[in-house]
Structures are given as C-alpha cells and as structure tokens.
Amino acid sequence: MVLQRIFRTVIMGPPGSGKGTVSGRIVKRFGLTHLSSGDLLRANIKAQTELGLLMKSCIDQGQLVPDDVISRLILTEMRSIEQSSWLLDGFPRTVAQAETLDSVCSVDTVINIDVPFQTIKQRLTSRWLHLPSGRVYNIDFNPPKISGLDDVTGEPLIQRDDDTPETITRRLKSYEIQTQPVLEYYRSKGMLETFSGTETNKIWPHIQAFLSKKLFPQNETVVGKA
C-alpha cells in the first residue's frame, strides 16, 4: 500500500493497553516507519552513545530521564527519516515534549488507546517479556509459540518483578497523571482520536478504518484484515 503523502501520527496508551500490538499492525498495514522511544532508549544504552550513557545514569539512579534528553533522542532519529511517514510510540509523554515535537514537525493525528485499568491489571499479571528485545507476550491473548520461550530467538522469557497488582496500580496512576495533560493538549488542537475497549482485536478494526479514511479519503474500501 503506497501512501500518497507523508503522514505522521502519535500513538498513546498506558502500559498493557495493547499499544505495541496495535503499533505493529499499523506499521504492517500502512507501511509507516515505527519510532519507539523505548526501542531507541535500549539501542542507545546498548551502543553506549553519549545520550545512552546519560540516560543509563539517570535510570541507574532511579531518576526520570529529563525531557530535553528524551527529546534530543527522538529528534535526532527523526532527522534520518524526515521524508518518511511515521508512527511515534512512547513520545511525547509531557506537554513540554509535545511542544518540542510541534516546533520541528507537523503531526497529523494522535491515536489514544483507552482500556479500563482493571482489564490492564489482569493482562499485565499474565505478561512475559523477552528482555533483550523488549518483545512482550501474554499467556491469555498473545502467547509464545513455545511456552516460556521467545518466538524469534528461542531464549527464555521472564516475568517482570513489578508486574504485581499493587505496582501496576501505581504505574497506571502515574501514567494517568503524567499523560492526561498531553491528551488535553492534543484534544484542544482537534488532533486526538480515542479508541476505547477491552480487547485489542475489537479495537483494531476501528483504528484501521479511521486511518484508512485519513490516508485514502477517496477509497474507503481499503479496510480489511491486516
């Protein structure tokens, strides 16, 4: 599927909302370049770049990585794909980051995945992780092909120490407090499109139809299986 113009979108959603799964489907279906702040952070730390070392220092000390450092990380990567359509995942997380993004490029739309916190708690306690790649599995709806092993490498999966109900509740509350102003920022600009539900497979067709209409307004028969 060839896009007729450059299209740039941000995807937002709390941990466990299915944002990663939806992002993968958007990239596959519409050919957007996936920019994940988490992937970039891990790659820079592994490569021991200047920004990577700075971020690792913050993380090791239990501190939040400063807005300007995360912004530099994302904007540096954006320069290499400035003529491409992209999906930005995990950024911006604060209004300051959103304003920085607006100062350098024009975002077409912001997709917000809204899943009840109780549903997310149930998902995350069933979640297993391949630590080196960041690939996430869920024994209920996205299990690995072989129990306990990563599909790509065959390496063992782990369960995060902080995937406990109490810790998850704190993380979700923290996400809500941090990102609500960002959602309001984009809502005030008329850019926010929220998709609510409890199952990724039921939310996805609505997101797909929305993006098809945005990208191919003259051809609304594009919707189909990913």
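Residues are numbered from 1 along each chain as its sequence is written, and side-chain values use heavy atoms, with hydrogens and water left out. Because the model is predicted, local features need pLDDT of at least 70 and side-chain atom pairs count only at pLDDT 80 or more, whereas totals for chains, interfaces and linings use all residues.

Helices (H or I, at least four residues) and strands (E, at least two) are DSSP runs, numbered from the N terminus. Five strands form an open sheet in the order E2-E3-E1-E4-E7, with parallel pairing; two strands pair if DSSP finds at least two bridges between them. E2 and strand E7 (192-196) are the edge strands, each pairing on one side only. From one strand to the next, the twist averages 20 degrees. Four bridges join E1 and E3 in the parallel sense, and Val10 stands opposite Leu88 in E3. Helix H2 packs on this sheet, where H2 touches E2 and E3, and its direction makes about 65 degrees with that of E2. Axes here are lines fitted to C-alpha atoms, for helices over the stretch in contact, and angles run from 0 to 180 degrees between N-to-C directions.

Helix H2 spans residues 37-47, and its residues Ser37, Leu40, Leu41 and Asn44 are buried. These residues lie on the same side of H2 because they cover an arc of only 100 degrees around the axis. The arc is that of the directions from the helix axis to the C-beta atoms. Buried means under 20% relative accessible area, exposed over 50% and partly exposed in between (1.4 Å probe, protein chains only). Strand E2 (33-36), helix H3 (50-60), helix H4 (67-79) and strand E3 (86-89) pack against the buried residues of H2. Gln48, which follows H2, has a positive phi near 55 degrees.

In helix H6 (residues 117-124), the buried residues are Thr119, Ile120, Arg123 and Leu124. They fall within an arc of 125 degrees seen down the axis of H6, so they line one face of the helix. Their cover includes strand E5 (127-130), strand E6 (135-138), H7 and helix H8 (200-215).

A nonpolar core is a set of buried Ala, Val, Leu, Ile, Met, Phe, Trp, Tyr and Cys residues joined through side-chain atoms within 4.5 Å. The largest has 31 residues, of which Met55, Met78, Trp86, Leu88, Leu101, Val110 and Tyr186 touch the most other members. At least two residues of this core come from each of strand E1 (8-12), H2, H3, H4, E3, helix H5 (95-104) and helix H7 (165-188). H4 supplies the largest share, six residues. A second, separate core of 22 residues includes Ile11, Ile113, Ile207 and Phe210.

Contact means heavy atoms within 4.5 Å. Not counting residues up to four places away in sequence, Met55 touches Leu41, Asn44, Val65, Val69, Ile70 and Leu73. Met78 is placed in helix H4 and counts as buried at 8% relative accessibility. With the same exclusion of residues up to four places away in sequence, Met78 touches Leu35, Trp86, Leu88 and Leu101.

Rings of Phe, Tyr and Trp (its six-membered ring) pair if their centres lie within 6.5 Å; planes under 30 degrees apart count as stacked, over 60 as edge-to-face and the rest as tilted. Two aromatic pairs are counted by this rule. Tyr185 and Tyr186 form an edge-to-face pair, at 5.3 Å centre to centre with 75 degrees between the planes, and both residues are buried.
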